[in-house]
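Let's take a friendly walk through a protein chain together. Keep the viewer open, and look up each part as we come to it.

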Amino acid sequence: MLVYSLPGTFETREAHLDLLWEAGATGLEERAGLIRAYFDTETELPAEIRDGQWQDEAEQDWLAAFKATLRPVRAGRITIVPPWLRAEVEAGQVPLIIEPGMAFGTGHHATTRMAVEALGELDLAGLRVLDVGTGSGVLAIAGALLGAEQVLGVDIDPITIPIAVENAQDNGVPEGRAVFVQGTLGDELPGDWNEPSDVLVANLYAELHDLLAGDYAAHLRPGGPLVLTGILTGKLALVRAALEREGFTAVQVREDGEWALVTATA
Ligand code: SAM
């Protein structure tokens with residue numbers, strides 16, 4: 001990318017901007033006291049604007065730069081990794097592969113990490129796990145990798161569904177075992193998912209947990225574990241009150257910085 005930088009701002013050099021366009025600039029930008037003009041080729045410029053400098057700047061691939069910063073994330077028995085770091089998962093850890101993309105849930109947020117950890121502490125063998133606000137599908141997929149027989153991920157955002165389906169495939173979770181649908185609690189859910197599930201996990205936010213607490217109770221079998229996160233520690237009281245209102249027991253809280261995770265029993 002060829003850039004011609006000259007001292008000044010759009011305001012101080014207003015009269016010269018047209019000269020840059022006429023010389024063939026494809027774009028102009030003002031940054032830190034410099035006007036940066038983008039060109040396809042180096043060009044002879046009029047005298048008034050010859051006080052600048054030509055630079056050939058390497059194209060920055062921001063996505064590649066971001067990807068290079070990613071590290072495996074250990075969450076209890078599971079290590080969440082992007083596909084290219086699969087080989088870095090330590091022996092004995094269950095790898096959970098998530099392609100970083102448009103949907104929330106790469107494992108790099110404390111809430112995702114705490115929820116995966118909490119799921120890993122449950123014996124999910126043969127159980128049905130409902131994941132509300134599935135995003136990348138990370139929690140539902142964690143459930144399947146930890147032995148759940150069936151998992152359902154629901155999300156109101158339609159872009160998340162194909163992403164979660166692909167992530168489940170990348171982790172070798174068979175299509176019938178992990179189902180992802182657009183929607184939320186209160187909607188008609190597929191198959192027998194309107195019946196209470198064995199475990200319910202939701203990484204949303206405190207106000208939404210308050211609104212959905214009644215639905216959580218309706219979608220969990222008696223004695224079923226509830227795992228809630230996305231809760232700022234300052235809003236824990238709201239979630240505690242909602243759980244008490246809906247008859248949940250054994251409420252426990254763990255914190256990571258400003259984020260909290262709450263477990264309870266239906
Ligand atoms: N489960 C993933 C994780 O733990 O990393 C993603 C959690 S992300 C913080 C919250 C997700 O919930 C988003 O994908 C958002 O679209 C979805 N969401 C927000 N409100 C919802 C609702 N009322 N019902 C279902 N999903 C919802």
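We begin with helix α3, where the buried residues are Ala110, Thr111, Thr112, Met114, Ala115, Val116, Ala118, Leu119 and Gly120. Please keep in mind that the model is a predicted one. How much of α3 is buried? The answer is 9 of its 11 residues, so the helix is largely enclosed by the rest of the structure. Residues count as buried when their relative accessible area is under 20%.

Val116 belongs to the largest nonpolar core, a group of 33 residues, and together with Ile80, Leu96 and Phe180 it touches the most other members. Several elements each supply at least two residues of this core: the strands β5 (73-75), β6 (78-81), β10 (178-182) and β11 (199-203), and the helices α3 (110-120), α4 (138-145) and α5 (160-170). Which of them gives the most? That is α4, with 6 residues. There is a general background to this: in soluble globular proteins, nonpolar side chains tend to be buried together.

Next, let's look for empty space. Rolling a probe the size of a water molecule over the atoms shows where such space is left. In this model, the count comes to 1 cavity of 30 Å³ or more, and the volume of the largest cavity is about 30 Å³. Its lining is made up of Leu70, Arg71, Ile80, Val81, Pro82, Ile98, Pro100, Thr106 and His108. You have met Ile80 already, as one of the core residues that touch the most other members.

The largest pocket holds about 440 Å³, and 27 residues line it; Gly133, Thr134, Asp155, Asn203 and Leu204 are the closest to its centre. Helix α3 comes back here: α3, β8 (128-132), α4, β9 (150-155) and α6 (206-218) each supply at least two residues of the pocket lining. What kinds of residues are they? The lining divides into 12 nonpolar, 12 polar and 3 charged.

Now turn to the aromatic rings. A pair of them is described by the distance of the centres and the angle of the planes. The model has 2 aromatic pairs. In one, tyrosine 4 and tryptophan 54 are tilted, with 4.8 Å from centre to centre and 50° between the planes. Tyrosine 4 lies in strand β1 (residues 2-7) and tryptophan 54 in strand β4 (residues 53-56), so this pair ties together parts that are 50 residues apart in sequence. Tyrosine 4 is buried, at a relative accessible area of 2%, whereas tryptophan 54 is partly exposed at 24%.

Tryptophan 54 also pairs with phenylalanine 39, this time edge-to-face, at 5.1 Å between centres and 65° between planes. Phenylalanine 39 sits in strand β3 (residues 34-39), 15 residues away from tryptophan 54, and the pair links distant parts of the chain. Phenylalanine 39 is buried, at 4% relative accessibility. Together, Tyr4, Phe39 and Trp54 make up one aromatic cluster.

For our last stop, find tryptophan 193. The charged end of arginine 128 sits over its ring, 4.4 Å from the ring centre.

Notes
Residues are numbered from 1 along each chain as its sequence is written. This is a predicted model: local features need pLDDT of at least 70, side-chain atom pairs count only at pLDDT 80 or more; totals for chains, interfaces and linings use all residues. Side-chain values use heavy atoms; hydrogens and water are left out. Rings of Phe, Tyr and Trp (its six-membered ring) pair if their centres lie within 6.5 Å; planes under 30 degrees apart count as stacked, over 60 as edge-to-face and the rest as tilted. Helices (H or I, at least four residues) and strands (E, at least two) are DSSP runs, numbered from the N terminus. Buried means under 20% relative accessible area, exposed over 50%, partly exposed in between (1.4 Å probe, protein chains only). A charge sits over a ring if NZ of Lys or CZ of Arg is within 6 Å of the ring centre and within 35 degrees of the ring normal. On a 1 Å grid over the protein atoms alone, a cavity is a set of points where a 1.4 Å probe fits but cannot get out, and a pocket is an open set with protein on both sides within 12 Å along at least five of seven lines; lining residues have an atom within 4 Å of a point. Grid points are joined across faces, edges and corners, and a volume is the space filled by probe spheres set on the points. A nonpolar core is a set of buried Ala, Val, Leu, Ile, Met, Phe, Trp, Tyr and Cys residues joined through side-chain atoms within 4.5 Å. Ala, Val, Leu, Ile, Met, Phe, Trp, Tyr, Cys and Pro count as nonpolar, Asp, Glu, Lys and Arg as charged, and the others, Gly among them, as polar.
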